Amino acid sequence: MTASMHPEAALPIDPKPPRQKLQLSYWNMSSYSKRNRRWYFFFEITILCAGAIVAATGVLPILLGKQAAEVAVPLLGVAIAVSQGLKRIFKFHDNWIMYRATASALEKEMNLYDSSCPPYDNGDRDKRLAVRLTEALDDLHVKWSQIMAEALAEGQQPKPASGGK
C-alpha cells in the first residue's frame with residue numbers, strides 16, 4: 001500500500017501545535033472584544049443623546065410640562081455623569097482596541113505560518129510560532145497593566161498637604 005493509498009493519507013494534516021490553535025480560536029471567538037465594543041458604544045450614545053436633550057431644555061417645559069422638565073433635566077445629567085464615569089473606569093474603548101490589535105497580530109502570525117513565509121520558511125517553525133505568539137500575548141499583558149495602572153492613578157488623586165497639625 002503506497003502512502004497515497006493509506007486511509008489516513010486523505011486526512012488534512014494540521015501542523016499547528018494545539019495550544020496555538022486554541023489561543024487563536026479564543027481570540028477569534030471570544031465575546032470579550034464584542035462586549036467591550038457594545039458597552040463603549042452604548043455609553044457613547046447615551047452621553048450623546050442625553051447631552052442633546054439637555055441642550056434642548058428650553059423646549060422641554062413645552063413638550064413635557066414644567067414639572068416633568070424639572071425632573072427630566074437632572075435625571076439626564078445623572079445619566080451623562082454615570083455613563084461617562086463607567087466608560088472611563090472600565091476603559092471599554094481601550095480594551096476593545098487592544099483586544100482587536102492582539103487578535104490581528106495573532107492571526108497575522110498564523111497566516112505567515114500557514115503559508116511558510118518568513119520567519120516560518122525553515123527549521124524550527126513550531127518553536128518560532130510559539131515564541132512569537134507568546135510575545136504578542138506578553139505585549140498585550142504589558143499594555144493592559146499600563147492601562148490599569150493609569151486607571152488606578154486617576155482614581156487615587158494625591159491628597160493635598162495640610163498646613164496645620
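K91 sits in the loop between α4 (66–90) and α5. The model is predicted. K91 has a phi near 50°, a positive value in a residue other than glycine. Most residues other than glycine have a negative phi, and most peptide bonds are trans. The points below cover backbone geometry, the charged surface and the cysteines.

**Backbone in the loops**

- K91 has a relative accessible area of 9%, so K91 counts as buried.
- S116 also has a positive phi, near 55°, and is a residue other than glycine.
- The loop between α5 and α6 holds S116.
- S116 is partly exposed because its relative accessibility is 38%.
- A cis peptide bond runs from P118 to P119, with omega near 10°.
- P119 lies in the loop between α5 (92–114) and α6 (125–155).

**Positive surface patch**

- Which helix gives the most to the positive patch? Helix α2, residues 32–55, does, with 4 residues.
- R37 is one of the residues in helix α2.
- R37 has 41% relative accessibility, so R37 counts as partly exposed.

**Cysteines**

- How many disulfides does a search of the whole structure find? The search finds 0.
- C49 is partly exposed because its relative accessibility is 41%.
- C117 has 29% relative accessibility and therefore also counts as partly exposed.
- Partly exposed here means between the 20% limit for buried and the 50% limit for exposed.

Key:
Residues numbered from 1 in each chain as written. Predicted model: local features only at pLDDT ≥ 70, side-chain atom pairs only at ≥ 80, totals over all residues. Heavy atoms only, no water. Helix = DSSP H or I, 4+ residues; strand = E, 2+ residues; numbered from the N terminus. Buried < 20%, exposed > 50% of the residue type's maximum accessible area, 1.4 Å probe, protein only. Disulfide = S-S within 2.5 Å.
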